[in-house]
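Please keep the structure in view while reading the points below.

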Amino acid sequence: MAISLQKGQKVDLTKTNPGLTKVLIGLGWDTNKYDGGHDFDLDAAAFMLGENGKASSDNDFIFYNNLKDQAQSVMHLGDNLTGEGDGDDEQIKIELSKVPSHVHKIDFTVTIHEATERNQNFGQVSNAFIRIANEQTGEELIRYDLGEDFSVETAVVVGELYRHNEEWKFNAIGSGFSGGLAALCQNFGINV
């Protein structure tokens, strides 16, 4: 049975799941009906961050145009252009034992592609979630449903995996950003 989290809650991942080395991060969402004339294209990404909360290079930004880091520890499984259907809309695999030692946390984000041009924001998105599953067994370990707390934001930091005393933990963040992907990249030290 998966642990269901609320915003701001932190939970241990590897200590309570001994031997866990490969996880699947699933991100999903639905879009509310609106007559803007454009599809919603939401994009999941992972930012591999040092102790200072910044990426050490652009290669530590994993998304649909950079599917894996150099160590091949974090791998994005591809872009979903519509978000149609149930379940995960985009997925990211992580091999915890391969994550480079300079990476202290991995933040997971979702942004709206061309949000400004299409006049879209997270107020028009519902049922957003992040879940962490054991890649080898498929068992869902952690789930965080974001709720409907957003209005004008065009990017959301959904949650993060972070190292603590040689173990990995998960923090349910659910923090919205205005300014979309560019604002997120700037926040995490990525040049756009």
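Helices (H or I, at least four residues) and strands (E, at least two) are DSSP runs, numbered from the N terminus. Gln70 has its place in the loop between S5 and strand S6 (74–76). The model is predicted, and local features need pLDDT of at least 70, side-chain atom pairs count only at pLDDT 80 or more, while totals for chains, interfaces and linings use all residues. Residues are numbered from 1 along each chain as its sequence is written, and side-chain values use heavy atoms, with hydrogens and water left out.

**A loop residue**

- Gln70 is exposed, with a relative accessible area of 69%; buried means under 20% relative accessible area, exposed over 50%, and partly exposed in between (1.4 Å probe, protein chains only).
- The C-alpha atoms of Gln70 and Ile130 are separated by 24 Å, and these residues are 60 apart along the chain.

**Strand S11 and its partners**

- S11 pairs with strand S8 (residues 105–112) in the antiparallel sense over 7 bridges; two strands pair if DSSP finds at least two bridges between them.
- Within this pairing, Glu160 in S11 is the bridge partner of Asp107.
- S11 also runs antiparallel to strand S12 (residues 167–177), to which 9 bridges join it.
- His164 stands opposite Glu167 in S12.
- The hairpin of S11 and S12 has 2 residues between the strands, and Asn165 takes a positive phi near 50° there.

**Aromatic contacts**

- The count comes to 4 aromatic pairs, where rings of Phe, Tyr and Trp (its six-membered ring) pair if their centres lie within 6.5 Å, and planes under 30 degrees apart count as stacked, over 60 as edge-to-face and the rest as tilted.
- The pair of Phe47 and Phe61 is stacked because the ring centres are 4.6 Å apart and the planes are at 10°.
- Phe47 lies in strand S4 and Phe61 in strand S5 (residues 61–62), so this pair ties together parts that are 14 residues apart in sequence.
- Phe47 is buried at a relative accessible area of 0%, and Phe61 is buried at 6%.
- The rings of Phe63 and Tyr64 form an edge-to-face pair, because their centres are 5.3 Å apart and their planes are at 70°.
- Phe63 counts as buried at 16% relative accessibility, whereas Tyr64 counts as partly exposed at 28%.
- One aromatic cluster is formed by Phe47, Phe61, Phe63, Tyr64 and Phe188.

**The largest cavity**

- There are 2 cavities of 30 Å³ or more; on a 1 Å grid over the protein atoms alone, a cavity is a set of points where a 1.4 Å probe fits but cannot get out, and lining residues have an atom within 4 Å of a point.
- The largest cavity has a volume of about 50 Å³; grid points are joined across faces, edges and corners, and a volume is the space filled by probe spheres set on the points.
- Among the residues that line the largest cavity are Trp29, Val110, Phe129 and Val158.
- Strand S3 (22–31), strand S9 (125–134) and S11 are the elements that give two or more residues to this lining.
- The lining of the largest cavity has 8 nonpolar, 1 polar and no charged residues; Ala, Val, Leu, Ile, Met, Phe, Trp, Tyr, Cys and Pro count as nonpolar, Asp, Glu, Lys and Arg as charged, and the others, Gly among them, as polar.

Terms used. 1 Å grid on protein atoms, 1.4 Å probe; cavity = no way out; pocket = protein on both sides within 12 Å on 5 of 7 lines; lining within 4 Å.
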